[in-house]
Amino acid sequence: MLRPLFAFVALVVLSAPAVAQDKPADPGRDLVMQKCAQCHTDSIWRDQRQDARAWEATAYRMMARGSIWTTDEVKTMAAFLGREFGPDVPRAKPQQR
Ligand code: HEC
């Protein structure tokens, strides 16, 4: 009776690493997901394109708005944002309605 449930749980547990490998581990991504979502969703910044330095400036603006981060955290997040949301990265296509 419980066997299908065990099979399902095993499937989920065993497939988790495969899902995680979808994108390589990136401490910058983890930090951004964890920290930037505390006050607003990513919809406020994900369409923006700028280099790491400008993202760093954005992060410091967020600190003026109340976030508390170390210099290392800011640099790690800015490096990730500059890579994934840099000036040469195409914007996401508008959603089809
Ligand atoms: C302490 C809360 C807080 C955190 C954490 C935070 N933000 Fe913000 N952010 C704000 C507020 C408040 C606004 C202004 C919202 C508005 O105008 O409606 C804002 C606006 C923005 C804007 C648009 C206005 C601007 O100044 O550029 C961007 C881009 C942005 N945030 C990016 C980020 C990123 C990237 C992170 C993570 C590195 C982050 N935020 C984390 C509070 C925060």
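## Overall fold

From the N terminus on, the elements of the protein chain run α-α-α-α, and the count is four helices and zero strands. Helices here are DSSP runs of H or I with at least four residues, strands are runs of E with at least two, and both are numbered from the N terminus. Of the 97 residues in the protein chain, buried residues make up 25%, where buried means under 20% relative accessible area, exposed means over 50%, and partly exposed lies in between (1.4 Å probe, protein chains only).

This is a predicted model, in which local features need pLDDT of at least 70 and side-chain atom pairs count only at pLDDT 80 or more, while totals for chains, interfaces and linings use all residues. Residues are numbered from 1 along each chain as its sequence is written, and side-chain values use heavy atoms, with hydrogens and water left out.

## The ligand and its surroundings

The ligand sits in the largest pocket. To find pockets, a 1 Å grid is laid over the protein atoms alone, and a pocket is an open set of points with protein on both sides within 12 Å along at least five of seven lines; a molecule sits in a pocket if more than half of its atoms lie within 2 Å of the grid points of that pocket. The elements that give two or more residues to the shell around the ligand are helix 3 (52–64) and helix 4 (71–84), and helix 3 provides the largest share, three residues.

How many residues surround the ligand? There are 16 of them, and the closest are Cys36, Cys39, His40, Arg61 and Met62; a residue is counted as near a molecule if one of its heavy atoms lies within 4 Å of that molecule. By residue type, the shell divides into eight nonpolar, five polar and three charged residues. In this grouping, Ala, Val, Leu, Ile, Met, Phe, Trp, Tyr, Cys and Pro count as nonpolar, Asp, Glu, Lys and Arg as charged, and the others, Gly among them, as polar.

## Polar atoms facing the ligand

## The aromatic cluster

Rings of Phe, Tyr and Trp (its six-membered ring) pair if their centres lie within 6.5 Å, and planes under 30 degrees apart count as stacked, over 60 as edge-to-face and the rest as tilted. By this rule the count comes to four aromatic pairs. In one of them, the rings of Trp45 and Phe85 have their centres 5.1 Å apart and their planes at 90 degrees, so the pair is edge-to-face. This pair links distant parts of the chain, since Trp45 is in the loop between helix 2 (27–35) and helix 3, whereas Phe85 is in the segment after helix 4, 40 residues apart. Both Trp45 and Phe85 are buried.

Phe85 also pairs with Trp55: the ring centres are 6.4 Å apart and the planes stand at 70 degrees, so this pair is edge-to-face as well. Here too distant parts of the chain are linked, with Trp55 in helix 3 and Phe85 in the segment after helix 4, 30 residues apart. Is Trp55 buried or exposed? Trp55 is buried, with a relative accessible area of 2%, and Phe85, at 15% relative accessibility, also counts as buried. Together, Trp45, Trp55, Phe80 and Phe85 form one aromatic cluster.

Gln50 has its place in the loop between helix 2 and helix 3, and at 16% relative accessibility Gln50 counts as buried. The side chain of Gln50 makes a polar contact of 2.9 Å with the side chain of Thr58. Thr58 belongs to helix 3 and is buried, with a relative accessible area of 11%.

Asp51 is also found in the loop between helix 2 and helix 3, but Asp51 is partly exposed, with a relative accessible area of 40%. The C-alpha atoms of Asp51 and Gly86 are separated by 5.0 Å, although these residues are 35 residues apart along the chain.

Technical notes. 1 Å grid on protein atoms, 1.4 Å probe; cavity = no way out; pocket = protein on both sides within 12 Å on 5 of 7 lines; lining within 4 Å. Polar contact = N/O pair within 3.5 Å; in protein donor to acceptor, adjacent residues only side chain to side chain.
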